[in-house]
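Take a look at the structure below. Then work through the briefing with the model open beside you.

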Amino acid sequence: MNATTLPLSTRVTLAFLMGLLAFAIMLGNAVVILAFVVDKKLRHRSNYFFLNLAIADFFVGKLHIFISDNLF
């Protein structure tokens, strides 16, 4: 089913939910990154893996916003 064949109300609802999801992804990962930067006790070798995941996931959420803009 093509996005243009969906009713307008469905497209608006999907766009809102996708934007909300992308915002939640970015906000959650920003909190993890900020906690890592602020709290020096978190700077262990094993926690760098989680920091890397948070940074990568943050950019996936940001990319999701650009992709969803083109879909609707």
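Phe 16, Leu 17 and Leu 20 make a nonpolar surface patch of about 320 Å². Keep in mind that this is a predicted model.

**The patch**
- Leu 17, one of the patch residues, lies in helix H1.
- Leu 17 is partly exposed, because its relative accessible area is 46% and that class runs between 20% and 50%.

**Helix H1**
- Helix H1 covers residues 8-38, which is 31 residues.
- Buried residues in H1 include Ala 22, Met 26, Asn 29 and Phe 36.

**Record annotation**
- UniProt, in an unreviewed entry, places the feature "transmembrane region" at residues 12-37 and 49-67.
- In the model, residues 12-37 are 100% helix and 0% strand. The end C-alpha atoms of this span are 37 Å apart.
- Residues 49-67 are also 100% helix and 0% strand. Here the end C-alpha atoms lie 27 Å apart.

**Aromatic pairs**
- The count comes to three aromatic pairs.
- One of them joins Phe 36 and Tyr 48, with 5.0 Å from centre to centre. The planes are 75° apart, and the pair is edge-to-face.
- What does this pair tie together? Phe 36 lies in helix H1 and Tyr 48 in helix H2 (residues 47-71), so the pair links parts that are 12 residues apart in sequence.
- Is Phe 36 buried or exposed? Phe 36 is buried, because its relative accessible area is 9%, and buried means under 20%.
- Tyr 48 is partly exposed, with a relative accessible area of 43%.
- Phe 49 and Phe 50 also pair, with ring centres 5.8 Å apart. Their planes stand at 65°, so this pair is edge-to-face, since the cut-off is over 60 degrees.
- Phe 49 and Phe 50 are both exposed.

**His 64 and Met 18**
- His 64 is found in helix H2.
- His 64 counts as partly exposed, because its relative accessibility is 23%.
- How far apart are the C-alpha atoms of His 64 and Met 18? They are separated by 8.2 Å, while the two residues are 46 residues apart along the chain.

Note on methods: Residues are numbered from 1 along each chain as its sequence is written. This is a predicted model: local features need pLDDT of at least 70, side-chain atom pairs count only at pLDDT 80 or more; totals for chains, interfaces and linings use all residues. Side-chain values use heavy atoms; hydrogens and water are left out. Helices (H or I, at least four residues) and strands (E, at least two) are DSSP runs, numbered from the N terminus. The expected span of a helix is 1.5 Å times one less than its number of residues. Buried means under 20% relative accessible area, exposed over 50%, partly exposed in between (1.4 Å probe, protein chains only). UniProt positions are given in the numbering used here, feature names are shortened, and annotations may be inferred rather than shown by experiment. Rings of Phe, Tyr and Trp (its six-membered ring) pair if their centres lie within 6.5 Å; planes under 30 degrees apart count as stacked, over 60 as edge-to-face and the rest as tilted. Patches are made of residues with over 30% relative accessible area and no salt bridge: like charges are joined within 9 Å, nonpolar side chains (Val, Leu, Ile, Met, Phe, Trp, Tyr) within 5 Å. Accessible areas come from the Shrake-Rupley method with a 1.4 Å probe; for residues, only the protein chains shown count as cover. A salt bridge is a side-chain nitrogen of Lys or Arg within 4 Å of a carboxyl oxygen of Asp or Glu.
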